[in-house]
Amino acid sequence: MSVRLRLVALGWMALAGLGGSVPGLAPAAQAGAAADCPPAAAPIDADRFRAGLRDAVADHGFLWRIERDGRASYLYGTIHVARPEWMFPGTLTKRALADSDTIALELDLLDPAIAGRLADSAKARAGESLPAELAERVDRRTLAECMDPVGLHAFAPEFQVAAIGAAAARREGVDAAYAIDVVLAGAGRMLGKRVVSLETPESQTAALRAPTREATIELVRGSLDDLDSGHAGSLVARLADVWRTSDLAALEDYERWCDCERTDADRQSMKALLDDRNVLLGARIDALHADGHAVFAAVGSLHMIGPRGLPALMRERGFRVVRLVPAP
């Protein structure tokens with residue numbers, strides 16, 4: 001099971017946002033933590049948020065208009081870690097938001113009930129503890145990323161390393177506190193839009209759990225190896241730059257430069273985490289549109305590529321799909 005697949009390529013889904021939303025998973029200086037901790041994310045108050053939303057011009061990410069039944073909805077590919085200077089939607093993205101009445105996210109992490117269920121569903125179950133040497137290694141890495149090891153102990157090992165990975169991304173200058181999904185959840189509320197979740201917290205955490213104890217141990221050990229080597233950070237930095245520059249060709253070539261699918265098990269994991277979930281995401285977007293809503297559906301950018309990506313699936317459902325960002 002590829003650690004790059006789970007921790008880096010896809011670990012920035014809800015778990016990056018979760019790392020900033022759930023007590024125990026948010027980075028915080030601790031006794032014994034590394035001396036070179038990145039600075040904490042600067043809080044963005046309502047006035048600064050409103051100004052950023054108003055003034056942003058440059059579009060980032062990937063945007064499609066989907067049309068059927070005489071109405072338009074939108075697909076938007078996000079990233080779950082970002083920088084303050086490119087966290088706000090640009091001109092075309094704001095226009096799509098204005099034209100929509102519903103903001104549909106993988107999970108609305110600003111909904112306290114959703115955040116609470118996400119935390120509960122990520123908690124460790126009986127028999128999910130790690131061998132002592134590996135648990136000690138997790139604790140050391142947690143301190144190295146300026147987090148509280150005790151706070152992580154309540155969570156399943158997969159979510160411990162995902163939260164550590166999200167914290168480690170701060171060394172690349174990107175932070176889950178500025179996750180585009182969370183920004184859109186806030187923008188939707190500020191603009192008076194309805195904000196909904198396309199998935200449940202339980203289904204999303206189920207997709208991220210390893211199938212066996214042996215697979216969990218392999219995942220944790222390999223994830224720590226990637227973090228220790230610096231490979232995890234360089235990969236997320238590249239993915240963030242691909243999103244910032246709306247480089248669709250590079251995103252579509254992701255499997256090659258990510259080196260995430262080395263084995264049949266890797267490919268099966270990718271199918272479960274992307275293709276299988278895309279079917280459900282597409283059905284939910286379709287249902288919202290069919291109910292008469294103009295939907296701005298924003299999910300991780302990796303859900304947008306390939307023959308089973310959301311643009312392709314919505315074409316199969318009878319939508320006319322037009323790419324807006326990057327320009328055709």
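Trainee: Which residue is the bridge partner of Leu63 in β2?

Mentor: Tyr76 is the one facing Leu63 across that pairing. Keep in mind that this is a predicted model.

Trainee: What makes β1 and β2 a pair?

Mentor: Two strands count as paired with at least two bridges between them. Strand β1 (residues 62-68) and β2 have seven bridges, running antiparallel, so by that cut-off they pair. They also form a hairpin with two residues between them. In that turn, Asp69 has a positive phi of about 60 degrees.

Trainee: Why is β2 called largely enclosed?

Mentor: Buried means under 20% relative accessible area. Six of the eight residues of β2 (residues 71-78) are buried, so the rest of the structure largely encloses this strand.

Trainee: How do you know that β2 pairs with β5?

Mentor: Same test: at least two bridges are needed. Five bridges join β2 to strand β5 (residues 295-300), and the two run parallel. For example, Leu75 has Ala297 as its bridge partner in β5.

Trainee: And what makes β3 and β4 a pair?

Mentor: Four bridges link β3 (residues 102-105) with β4, again in parallel, and the cut-off is at least two. Ile103 is partnered with Val195 in β4.

Definitions and conventions. Residues numbered from 1 in each chain as written. Predicted model: local features only at pLDDT ≥ 70, side-chain atom pairs only at ≥ 80, totals over all residues. Heavy atoms only, no water. Buried < 20%, exposed > 50% of the residue type's maximum accessible area, 1.4 Å probe, protein only.
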